[in-house]
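Work through the exercises below with the sequence and the coordinates at hand. Each task is followed by its solution.

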Amino acid sequence: MLQPASGAGTVAQGFYWRGPGNHLLFRVRLGDASSDPEGGAELVRVTDGEETVLSHGDACLAKGQWYSLSVRVSNGTLSALVDRVPEVTAEDRPHPGGRE
């Protein structure tokens, strides 16, 4: 569970972690209740420290509210969820050796 203390910036959940320069991220913009969610969620691949955005979705987490972030990976499809609702999906190759 996550409760943003700030109404600015982003929060990210790492997965398929192979190290600080090699992993996947689910990143979401922080805002207030009136913030525009358009394009505020991303699935990101980090390879050798370089970020590649795989897909964008529409989400923004409001300061002071509680959220559950999760990621599902199945047959090359990545799905990032906020409160069990898919917000962004992407197709990506397998990630052997990562830790969830």
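**Exercise 1.** In this predicted model, find the residue in strand 4 that E42 stands opposite, then describe how strand 3 and strand 4 are joined.

*Solution.*
- Step 1. The residue opposite E42 is H56 in strand 4.
- Step 2. Strand 4 covers residues 50-57, and seven bridges join strand 3 to strand 4 in an antiparallel arrangement.
- Step 3. The two strands form a hairpin with two residues between them. In the turn, D48 has a positive phi of about 50 degrees.

**Exercise 2.** Determine how strand 2 pairs with strand 3, and how many residues of strand 3 are buried.

*Solution.*
- Step 1. Strand 2 (residues 22-31) runs antiparallel to strand 3, with six bridges joining them.
- Step 2. Within this pairing, L24 stands opposite R45 in strand 3.
- Step 3. For burial, the cut-off is under 20% relative accessible area. Six of the seven residues in strand 3 (residues 41-47) are buried, so the strand is mostly covered by this criterion.

**Exercise 3.** Give the strand order of the open sheet of three strands, and identify its edge strands.

*Solution.*
- Step 1. The order is 6-7-8, and the pairing is antiparallel.
- Step 2. Strand 6 (69-74) and strand 8 (85-91) are the edge strands, each pairing on one side only.
- Step 3. Direction ignored, neighbouring strands of this sheet are turned by 20 degrees against each other on average.
- Step 4. Six bridges connect strand 6 with strand 7 (residues 77-82) in the antiparallel sense. R72 stands opposite S79 in strand 7.

How values were computed:
Residues numbered from 1 in each chain as written. Predicted model: local features only at pLDDT ≥ 70, side-chain atom pairs only at ≥ 80, totals over all residues. Heavy atoms only, no water. Pairing = 2+ DSSP bridges. Helix = DSSP H or I, 4+ residues; strand = E, 2+ residues; numbered from the N terminus. Axes fitted to C-alpha atoms, helices over the stretch in contact; angles between N-to-C directions. Buried < 20%, exposed > 50% of the residue type's maximum accessible area, 1.4 Å probe, protein only.
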